[in-house]
Amino acid sequence: MPTPALFLSDPRALWLLGLAVPLVAAHLVHRRRVRLTVPCLALLLEGRGPTRGGGLGRRLADHAPLVCRVLALAALALALAGPRPSAPPVPVALVLVVDADVTSAARESDGRTRLAHALELAAAHVRAHVQGPVSVVVAGLVPRVLAQAAADREGLARRLVDPGAPACEPAPGAADLESALVSAWALAGERGLVKLLTARALPASSGPASSGPDPRLEALGTGAADEDQGFVDLRVAGAAEGPQTRVEVSVKNFAPRPATREVVLRVGDLPEERRALTLGAGAEASVTFEVLVPRGGAPAVATLSGPDAFASNDALEAVLAGPLRPSLLAVHAGAGLRPYTQAAIAALGEQIDREVSGAVALADLGSARQRDVTLVDGAALPPEALKPGAWLFLAPLSGTLPFGVGPAVERPIVWRALPGHPLVLDLDLADAWIQRATPLLPGPDVTGLAFAGEDQAILAEGERGGVRWVALGLEPEASDLPMRAAFPLLVRNALLRLARAPAEPLPPFVRAGEILRPRVPLPGGPQARLSWPGRATVDERLSPEVGVRVPAGLHGVLEVRTGTEAAPAYVGRSAVVDLDRTRSIAPLRPPALLPAPRPMPGDPGERWARILVLCAALLLALDLLLTRRLRPGRAPGGSARGQGSAAGPAGVAMSPFRGSIDPWKTESSARP
Amino acid sequence: MSGLLTFEERARLARLALRPRRRLPSDAPGGWRTGRIGHGVLFADHRPYALGDDPRYVDWHVAARLGDLVVKRFESEEDLDLVLCVDRSLSMQGPKARMARRLAAALGHLALDHLDRVRLSWWPALERARGAPRRGPGALVALLEALDRTPEEGSARAGAATAELLDGRRKALVAVISDFHSESDAGQEPLAALRRLSARGHEVLALHVLDAHDVELPLGAAVRAVDAESGLTLDLDVTPELQQTLRTGWSRRVEAFARACTSAGIAHVRVEAGGTLWDALRGLLSTGRIGRA
């Protein structure tokens with residue numbers, strides 16, 4: 001069965017054709033001829049004229065008004081029934097993918113962002129696409145469908161460029177362009193077009209399948225700015241010597257021309273430091289700052305002074321922990337610190353907090369304020385003096401001790417040490433000449449670090465009853481020079497090891513996309529509340545074994561809390577940075593020109609309906625014209641007479657009188 | 001008394017008289033001067049006496065004064081026959097019939113007031129015997145009654161109606177009062193009848209009763225026109241063009257009829273059915289067929 005060319009969307013409107021019945025009836029009633037008696041029919045016969053026809057044409061002319069009305073009614077009924085072509089043109093969907101990457105925040109020469117240009121371009125393409133619906137996908141951190149198969153092109157275009165309510169904002173991080181294209185192809189269907197509005201490179205898989213680029217995909221440039229220098233890396237570490245913290249930032253010049261920028265570092269309330277950098281086109285350089293962070297830690301903010309087109313990579317932040325500068329209380333027997341002990345403490349320099357450190361005789365130990373570490377310089381402690389805390393014992397070991405000692409050993413040889421242990425790090429004691437040593441007795445809470453013989457630890461650490469301790473059983477006095485040189489290192493390592501207990505679990509910063517793991521178990525347990533910058537607080541399990549992936553696109557300070565809200569066991573902070581050496585605003589394609597808007601073609605069904613309504617109007621006008629020609633009162637000076645109404649129906653125009661043979665003409669009158 | 005003429009109209013009609021142009025020889029003396037010298041009472045002039053003249057006509061006073069015999073000559077006066085041919089066909093229904101009968105009554109009044117003979121002839125003729133000529137003022141009542149009571153019917157057959165006039169020897173003033181409509185020959189038949197009457201020696205007055213409504217049709221109507229006399233029908237759609245055409249054709253027809261009458265020596269007078277009696281008589285005055293008494 002052949003498919004009809006048209007179908008009706010609302011066939012019920014055809015019931016209007018029933019109005020044709022009263023129309024025909026009214027026509028017949030009005031067309032009933034009035035019987036009129038005339039005195040002389042010959043006069044009327046003359047008036048009809050010789051050419052007056054009375055055949056089919058006359059009858060058709062009589063009914064022309066009725067035909068006009070019925071046809072007009074039929075046209076109106078058809079128009080209301082909504083004729084639609086059976087095979088309308090297949091619409092071609094257009095999906096616009098607007099790249100809202102963080103680089104879309106780049107300022108163009110006119111001061112507007114690259115994203116604003118992209119939205120303007122998108123609005124122009126929305127207005128120019130007349131073949132079908134338009135969808136808009138915003139490629140941010142996650143793809144977002146801004147409009148799906150929108151038919152109201154003008155409304156969508158206005159929404160895209162509405163200055164009061166921006167359709168989207170630049171994402172804080174790298175946009176997932178690939179996922180956005182996947183969404184776009186799903187919206188486009190098999191015949192749809194996808195236009196990617198971006199200045200960046202196309203992702204590796206940009207087609208609907210993984211086969212590669214598709215000819216239906218068109219990439220349109222959205223900007224031309226390329227003046228950008230920014231941070232691409234950050235490193236925070238302790239200084240090689242001393243308690244300073246080393247902050248190293250790397251800056252890259254993304255512009256195709258050399259540039260000079262100044263890096264400014266602010267750490268807490270400390271005076272800012274500046275370093276000038278001159279970078280070649282595409283070059284990268286690092287700047288290192290060494291700062292003495294206050295004891296409680298401080299945030300460090302590095303910025304690039306001066307403007308460029310892309311400000312998102314012009315600032316960095318890190319939370320610097322306070323340095324390990326323990327306070328030290330040296331206890332001597334009463335005659336003062338031994339010379340080599342005094343020298344070792346002096347060699348510690350700024351590694352200890354000298355403002356609160358000091359020395360005290362054993363007799364005054366009970367009244368002295370407790371410090372981070374208590375160094376016992378060969379004194380014999382009374383039993384009541386040993387309190388929980390960090391203790392460093394130097395030989396000779398006597399008095400009350402948290403460990404047991406054996407008989408002194410003369411000229412021991414350190415034949416074994418735990419490799420890599422922080423206490424003996426960088427030290428080689430194998431060839432050392434040691435005059436005398438006090439070995440520590442092994443025990444379950446004693447960890448030997450260096451041994452002069454089996455079970456004769458001359459370096460050990462342990463903990464008992466809250467007393468954390470390190471004991472140096474060797475006596476430097478009368479030892480050889482290397483041993484003497486190693487002694488301050490042993491003291492320093494022991495001090496730092498004993499003072500490390502409140503070490504900061506969180507790193508100074510974490511990179512977006514990395515897994516955040518505390519360096520040590522969090523005080524208060526692994527269940528922590530994480531407050532990401534700009535996001536809601538979430539509860540996560542955080543331990544050195546179990547980490548949390550840092551979301552992309554975050555900038556700011558992460559706060560981690562354990563314990564209860566009222567009494568937190570731990571509050572730590574770390575900065576979140578999102579750095580990318582490949583992130584550039586340099587456009588890969590020139591900005592696309594705005595297409596001219598095109599009017600939306602009318603619905604073919606509406607076009608049919610309009611044509612039908614126009615036909616109906618023309619038919620009614622023709623009917624009116626025919627009716628008015630026969631309307632009474634237009635005859636010059638004439639008056640109707642006879643029975644019947646003068647306001648009769650429309651008649652057919654008669655041919656004018658063309659004269660007839662004059663019956664009165666006689667020969668005489670015809671004679672000239 | 002009939003309502004065709006009021007007393008005031010009859011009083012005004014008394015000041016008028018018929019003035020036929022033709023000499024209408026009559027076999028009876030009457031009050032109408034014939035213009036013919038002969039026996040009569042109206043002195044015409046003198047002429048010298050000739051042998052054989054009747055000595056009674058010698059004017060002795062002039063002979064005594066001049067010494068020569070002269071005789072008086074006289075203009076003869078004869079009787080006038082007025083034949084009123086009134087169209088009573090169905091086409092005359094309405095104001096035309098009324099006007100035709102009033103006009104006939106007026107002419108009859110003029111004739112009878114001068115002791116002339118009046119004869120009424122209907123178109124179509126009545127079935128009963130033809131009406132005899134009437135004379136004298138007393139006959140006016142009968143004339144008016146006949147005019148008032150005779151209904152409109154039938155179709156006017158001018159040829160048949162005038163046939164009896166062609167037979168008589170007496171010449172008459174024939175006043176034909178009609179709309180001169182004919183069914184099929186576009187008005188040829190009444191014209192031919194008038195021509196024959198005129199050719200026979202009668203003085204013919206064609207009093208053409210006109211009514212513009214004869215061709216007025218309701219504009220915009222689909223009309224089935226029925227001929228009043230023949231009953232034939234014609235379907236028409238009345239348009240302004242048709243109306244204008246009918247009016248023009250009707251005017252041309254009247255004009256052509258008037259020209260044809262004039263060329264045939266027949267006095268043609270337009271009588272508007274919607275007008276007054278005096279308008280019609282004024283038309284007759286302009287032709288000289290009536291004048292002051």
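## Chain A overall

Of the contacts in chain A with a separation of 6 or more, 71% involve residues 24 or more positions apart. Here, contact means C-beta atoms, placed from the backbone, within 7 Å. This is a predicted model: local features need pLDDT of at least 70, side-chain atom pairs count only at pLDDT 80 or more, and totals for chains, interfaces and linings use all residues. Residues are numbered from 1 along each chain as its sequence is written, while chains are lettered from A and ligands numbered from 1 in the order written.

Chain A has 11 helices and 33 strands. Both are DSSP runs numbered from the N terminus: helices are H or I with at least four residues, strands E with at least two. Of its 672 residues, 38% are buried, with 20 or more other C-beta atoms within 10 Å of their own.

## An open sheet in chain A

In chain A, 8 strands form an open sheet with mixed pairing, ordered 17-16-18-19-25-24-23-21. Strands 17 (358-361) and 21 (416-417) are at the edges, each with a single partner strand, so one side of each lacks a neighbour in the sheet. Two strands pair if DSSP finds at least two bridges between them.

Strand 21 pairs with strand 23 (residues 446-453) of chain A in the antiparallel sense, over 2 bridges. A:Ala417 has A:Ala450, in strand 23, as its bridge partner.

## The largest nonpolar core

The largest nonpolar core has 64 residues. Such a core joins buried Ala, Val, Leu, Ile, Met, Phe, Trp, Tyr and Cys residues through C-beta atoms within 7 Å. B:Leu82, B:Leu84, B:Val174, B:Ala175 and B:Ile177 have the most contacts inside the core. Helix 3 (residues 95-113) of chain B gives the most to this core, 11 residues.

Beyond neighbours within four places in sequence, B:Leu84 contacts residues including B:Ala104, B:Leu107, B:Ala175 and B:Ile177.

Definitions and conventions:
A residue is buried if 20 or more other C-beta atoms lie within 10 Å of its own, exposed if 12 or fewer, and partly exposed in between; C-beta atoms are placed from the backbone. Two residues are in contact if their C-beta atoms, placed from the backbone, lie within 7 Å.
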